[in-house]
Amino acid sequence: MLQIRNLKCYYGGIRALSGVSLSVSRGELVALIGANGAGKSTLLQAICGLSSSWEGEILFDGKSLAGLKPPAIVARGVSMVPEGRLIFPPLSVLDNLKLGAYLRYRQRDHVGVSQDLEKILDLFPVLRERSKQNAGTLSGGEQQMLAVGRSLMANPKFLLLDEPSMGLAPLVVRKIFDTLVQLRETGLTILIVEQNAQAALEIADRGYVLETGRMVLAGEASQLLADKEVKRAYLGKDYSKFYEGRG
Amino acid sequence: MVFTLFAAVIICTGAALEGDYYHEQLLTFIGIFTLLAVGLNMLMGYAGQISLGHAAFYGIGAYTTGALTVHLQWSPWASLPCALIMAGVIAYIVGKPTLKLSGYYLGMGTLGFGMIMHVLFREWTTITGGPNGLVGIPSLSLWGLDLSTGRNYLYVVWGCVLLTFFICDRLVNSRVGRALRAIHYSEQAASAVGVDTAKAKLQVFVFSAVVAALAGFLYAHMVMFISPGTFTFLASVKLVAMVVIGGMASIWGALLGATFLTLLPEHLSVFADYEMIIYGGILMGVMIFLPQGLTRGVLDIYEKFRAKRKGTVED
């Protein structure tokens, strides 16, 4: 569904990605992990058209996304849950969700939108309870649910998530990740970008590891979870032993 | 529902003021400023884009109809669409590059545009009459009915206000309004959900320019004389003040702000030399004590009062 070949991205004068390749097949849940500054968000912004200074090839459903603006990419069926959620705090929860379906309202797909709205409110009942409230009054976890719900309102074929676990309690992270598994079962293709390697790899089919702009590892999620390098770098296994030994 | 009530209030006020020329005219002016403020509020309050040159579009509306009716003897009803289209087209041309700017920079860009237009109104003597102004603009009449009398014109202006309010209300509560509020908060996030932010900003800019041109048209045919002094930078600032004082992102805020800032100088004239000091002081006071503007501020006070009363009843 998504193929990226030899992608190079620039952040001003700095090269944030130097020749990254990645692919996601239909129905897959793929995790992209890496530390701060590895270039994960840059990669997502390139896919969504939020950054246009990239070289290489990004194909979605066999067609290039080069030169397209974000709205055109959303119209193709790619929807992103941005880093830091970026919900619209002064707007009500309901208006936030409706904004996710902006392009579909324009196509006069009112019936489809209201059906999806019901589905999403069923998926996240807490959003139904708070539908009239300003989004800014929600807790962090609820805001993340809202951000996911808003992305789903675009009725995407492909969902991108940028650090959905950021700043959330482990229990909330679990809940959101469970939802992602549920969504994958309905046939949605998902790419999740995470620092929380453990949580992401546990639900993913496959994983990629990005380090300072290069793809250093790729493979089945279970393999990556067992990989010594990944353990050392992202799961902090030997560090915990180290500290426990001292305690 | 609210609009029917509003219409009723206008009709009753008009009837009550029968023959009171001063108040009729004052109320008509409030209507014209309300139009300007509500258009600007769509741009500033909802979409969060600052315009410090809005008086230019007000002037474009007034001068277009003025020039066409005075020099070419057109009927005002034929010049009305020309005035609106002229403002819309100029807004499109100006907005296309300037709306790429944001915050202070957009303010500077629109400020520059406003100044250029003001110079044009003053110096393009053959068309605009230059600093002496344009004299002899005809008054409005429709099917033999003279609309220029105090009460009739008041109804014409407030009819336009009502219509604009209705359109704005529909816009605000639609897909477009949600998109504008999203842009206000974060353009990138709005873009990520699929809003074409450049297009939406340009559309609301053109819309507010057209509304301002309508106000300019009504103004020109009311006073029948226009001069560049009406469309200066200070006029633009006054419009911004109306939006801010009334309350951003509120249609009724524009009405309150325009009313407040039009009535205030009238009632302060008793202070003679101290008028401007008191005027400035009141504006500062409003902003200090009701930073969200009059609409929100009054609503907050009402809610607090109600909560308090509820509290005492329960005790």
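Author: A pocket, in the sense used here, is an open set of points on a 1 Å grid over the protein atoms alone, with protein on both sides within 12 Å along at least five of seven lines. Its volume is the space filled by probe spheres set on those points. The model under discussion is predicted.

By this definition, the largest pocket holds about 620 Å³ of space. Its lining consists of 27 residues, and those nearest the centre are Lys69(A), Pro70(A), Asp196(B), Thr197(B) and Ala198(B). Four helices each contribute at least two residues to this lining: helix 2 (70-76) of chain A, and helix 4 (76-98), helix 9 (187-192) and helix 10 (197-223) of chain B. Helix 10 of chain B provides the largest share, namely five residues.

Nineteen is the size of its lining, in which Tyr46(B), Met248(B), Ala249(B), Ser250(B) and Ile251(B) lie closest to the centre. Helix 7 (150-172), helix 12 (251-268) and helix 14 (294-314) of chain B each supply at least two of the lining residues, and helix 14 of chain B gives the most, with three. The lining of the second largest pocket divides into ten nonpolar, six polar and three charged residues.

In the loop between helix 10 and strand 4 (225-226) of chain B stands Met224(B). This residue has a positive phi of about 65°, although it is not a glycine. Met224(B) counts as partly exposed, because its relative accessibility is 34% and that class lies between 20% and 50%. In chain A, Asn6(A) likewise is not a glycine and has a positive phi, of about 50°. Asn6(A) belongs to strand 1 (residues 2-11) of chain A and is partly exposed, with a relative accessible area of 43%.

Chain A also contains an open sheet of six strands in the order 6-7-8-3-9-10, with mixed pairing. Strand 6 (78-81) and strand 10 (214-220) of chain A are at the edges and have a single partner strand each, so one side of each lacks a neighbour in the sheet. On average, neighbouring strands are turned by 15° against each other, direction ignored. Strand 6 of chain A pairs with strand 7 of chain A in the parallel sense over four bridges, and Ser79(A) stands opposite Leu159(A) there.

Within this sheet, strand 8 (residues 189-194) of chain A has six of its six residues buried. In a regular strand, side chains alternate between the two faces of the sheet. Here both faces are covered: Thr189(A), Leu191(A) and Val193(A) are buried on one side, and Ile190(A), Ile192(A) and Glu194(A) on the other. Strand 3 (residues 29-33) of chain A runs parallel to strand 8 of chain A and is joined to it by five bridges. Strand 7 (residues 158-162) of chain A is also parallel to strand 8 of chain A and is joined to it by five bridges. Val193(A) stands opposite Leu32(A) and is the bridge partner of Asp162(A). From strand 7 the chain passes through helix 8 (residues 170-185) of chain A to strand 8, a β-α-β crossover that is right-handed.

Key. Residues are numbered from 1 along each chain as its sequence is written. Chains are lettered from A and ligands numbered from 1 in the order in which they are written. This is a predicted model: local features need pLDDT of at least 70, side-chain atom pairs count only at pLDDT 80 or more; totals for chains, interfaces and linings use all residues. Side-chain values use heavy atoms; hydrogens and water are left out. On a 1 Å grid over the protein atoms alone, a cavity is a set of points where a 1.4 Å probe fits but cannot get out, and a pocket is an open set with protein on both sides within 12 Å along at least five of seven lines; lining residues have an atom within 4 Å of a point. Ala, Val, Leu, Ile, Met, Phe, Trp, Tyr, Cys and Pro count as nonpolar, Asp, Glu, Lys and Arg as charged, and the others, Gly among them, as polar. Buried means under 20% relative accessible area, exposed over 50%, partly exposed in between (1.4 Å probe, protein chains only). Two strands pair if DSSP finds at least two bridges between them. A crossover is right-handed if, with the strands pointing away from the viewer, the path from the first strand over the helix to the second runs clockwise. Axes are lines fitted to C-alpha atoms, for helices over the stretch in contact, and angles run from 0 to 180 degrees between N-to-C directions.
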